[in-house]
Amino acid sequence: MTEQGKSCNWALEINDLTVAYNSKPALWDVDLRVPEGVLLAIVGPNGAGKSTLIKATLDLIPRAAGSIRIYGKPYRQARNLVGYVPQRGSVDWDFPTSVLDVTMMGLYGKIGWFKRPGKKERELAMSALEQVGIAHLAHRQISQLSGGQQQRTFLARALVQDAQVYFMDEPFAAVDAVTERAIVNILKELRERGKTVIVVHHDLQTVRDYFDWVALLNVEMVAVGTVYEAFTNDNLRKTYGGRIAGIGAASGAIDVTSTRDSAEYAEVGDAV
Amino acid sequence: MQQLFLDPLRFEFMQRAMLAAMLVGIISGVMGTYVVTRGMAFFGDALAHSVLPGVAAVFITGNTAPGALLLGGLVAGVLSALGIGILSQGRRLGEDTAIGIVFAGMLALGIALISSTRSYAVDLAHILIGNIQAVQGEDIVLMLIAGGAVLLFVVALYKELLVISFDPTLAKNLHLPAEGLRLALLVALAVTVVIGVQVAGVALVSALLVTPAATARFFAKRLHVMMIVAAFLGALSGVGGMYLSWHLSIAPSAAIVLLATGLFILAFLFSPRGGFIPSLLGRNSDIV
């Protein structure tokens with residue numbers, strides 16, 4: 001906002017990012033600049049490329065074009081500034097491992113090859129688990145967790161990474177109200193500590209309450225900015241209305257989803 | 001009673017066989033933990049069949065040097081593991097398709113090689129069901145070296161292998177070479193399978209990987225505990241199976257696998273955590 005002059009002050013800077021699955025663009029020429037210390041929601045209809053945006057940023061899927069910078073450095077040199085909370089469904093929750101073990105995995109990059117996590121790592125993990133309110137479950141096998149507890153475990157694992165920029169993929173998906181409030185509190189705490197958090201979000205109703213920045217995405221970036229500036233009726237209509245020109249190949253997918261999301265949009269239309 | 005235990009041990013070949021069965025049981029138990037938790041049972045079975053051409057090539061050249069069979073199998077197994085790993089990289093081929101292609105091709109090559117010899121049926125039977133009583137001292141030394149290397153690999157890279165098994169995405173985020181580690185794990189599995197083929201044969205070796213580890217899963221909340229339990233169950237099945245085979249005059253590999261299967265059924269029925277009968281009675285303790 002005020003620091004826009006100095007480009008190295010962006011916590012995250014994405015330029016001209018394009019990702020294609022089998023020659024069909026999932027993201028088209030996306031730019032995104034996020035200043036330090038904000039909570040940013042990425043919203044958009046199903047198939048808009050929200051998760052793809054995060055995965056391409058973190059080098060988890062190949063990019064057709066585009067550059068990623070974290071605090072002015074290319075992503076490869078800034079990996080340890082970045083924490084990632086994947087979608088809950090991305091792992092096997094029946095795996096024989098404990099909540100504490102999973103949390104400590106966030107530290108494996110720092111421990112180094114061949115070494116074991118020791119007392120210091122256990123203490124760090126325990127304090128992260130306390131922060132997310134499930135320290136009492138530390139020794140429980142992960143198969144015995146509820147959905148909300150699984151999400152908190154993933155969050156604790158990201159917290160121990162002590163990153164500067166966090167990427168979270170649908171952390172609020174199918175969690176109970178108590179967990180949702182707990183996650184929001186953690187997000188706000190992270191912001192107070194100067195961290196930047198980028199969240200794929202699906203609930204338009206809560207964008208205003210939870211976030212201060214928003215990115216409206218539908219294959220192309222429709223609008224980015226403070227919630228006040230960017231989260232407008234007009235931009236929402238552009239994002240969810242299916243009125244996307246210029247990328248014929250992708251418009252089919254968008255048409256299908258736009259009808260499904262129109263109900264959601266209608267509700268928000270009132271809220272806005 | 002004492003006689004039951006001491007009787008088979010009068011023979012040196014039985015002592016060697018028991019030692020071999022125990023070693024293979026331990027190593028397969030540990031590696032089987034990855035097979036079960038990563039859902040690679042089909043891979044283990046396929047790998048066992050793909051060592052056939054290597055073993056067969058040694059067989060038909062008449063090379064009787066100790067360890068020659070092991071080495072031949074190892075070459076074929078590692079090549080197959082790497083082949084499957086490379087074919088299934090990216091999204092071009094599903095892993096099960098890659099496995100199916102490599103496995104059937106290698107098996108056919110092995111059969112083709114063996115069928116060119118005169119003692120076709122006998123040789124094939126030995127390779128398929130194992131020939132543990134023919135294990136020599138030198139074979140045991142080789143098993144110790146190869147198995148020791150596999151165990152060292154698992155111990156040294158325990159936490160890295162844990163991450164790539166549980167959450168490969170995090171492994172990439174942590175800057176770990178996830179793809180390289182996966183290939184290394186496949187090679188270690190190939191080594192394990194080749195050691196096991198001598199004991200259990202091509203047809204049954206995957207049971208040594210899958211069954212004890214699957215049983216251990218009923219008793220272990222964490223991966224390393226599961227490894228220890230699986231190794232113990234593998235060794236128990238190996239030694240116990242040799243006794244069964246001696247007293248009942250049945251094929252050793254079959255006896256070992258039947259014992260392992262029996263232990264699995266017991267755990268499946270009665271385990272307090274997730275067992276079938278406790279869950280019928282509504283007494284599963286795993287909710288706590």
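First, my terms: two strands count as paired if DSSP finds at least two bridges between them. Helices (H or I, at least four residues) and strands (E, at least two) are DSSP runs, numbered from the N terminus. I am working on a predicted model, where local features need pLDDT of at least 70, side-chain atom pairs count only at pLDDT 80 or more, and totals for chains, interfaces and linings use all residues. Residues are numbered from 1 along each chain as its sequence is written, chains are lettered from A and ligands numbered from 1 in the order in which they are written, and side-chain values use heavy atoms, with hydrogens and water left out.

**Entry 1**

I started with V19(A) and found its bridge partner in β2(A) to be L27(A). The strands here are β1 (residues 10–21) and β2 (residues 24–35) of chain A, antiparallel and joined by eight bridges. They make a hairpin with two residues between them, and N22(A) in the turn has a positive phi of about 45°.

Next I looked at what else β1(A) pairs with. It runs antiparallel to β4 (residues 65–70) of chain A over five bridges, and I14(A) has I68(A) as its bridge partner in β4(A). I wrote the whole open sheet down as β2-β1-β4-β5 in chain A, with antiparallel pairing. β2 and β5 (73–74) of chain A are the edge strands with a single partner each, so one side of each has no neighbour in the sheet.

I also checked for a helix on these strands. Helix α1 (residues 50–57) of chain A lies across β1, β2 and β4 of chain A, at about 110° to β1(A). For such angles, axes are lines fitted to C-alpha atoms (for helices over the stretch in contact), and the angles run from 0 to 180 degrees between N-to-C directions.

**Entry 2: the six-strand sheet**

Chain A has another open sheet, with the order β6-β7-β8-β3-β9-β10 and mixed pairing. β6 (82–85) and β10 (220–226) of chain A sit at its edges with one partner strand each, so each has one side without a neighbour in the sheet. Neighbouring strands are turned by 15° against each other on average, direction ignored.

I zoomed in on β6(A), which pairs in parallel with β7 (residues 165–169) of chain A over four bridges. V82(A) has V165(A) as its bridge partner in β7(A). Helix α5 (residues 147–160) of chain A packs on the sheet, touching β6 and β7 of chain A, and its direction makes about 170° with that of β6(A).

**Entry 3: where chains A and B meet**

How many residues does each chain put into the contact? I read off 31 residues from chain B and 36 residues from chain A, with contact meaning heavy atoms within 4.5 Å. The buried area is about 2900 Å², and carbon and sulfur atoms give 59% of that; this is accessible area (1.4 Å probe) that the two parts lose on being put together, summed over both. In chain B, K159(B), F166(B) and N173(B) lose the most area to chain A, together 27% of what that side buries.

I noted two salt bridges between the chains, where a salt bridge is a side-chain nitrogen of Lys or Arg within 4 Å of a carboxyl oxygen of Asp or Glu. One salt bridge joins the side chains of R157(A) and D167(B) (2.8 Å, N to O).
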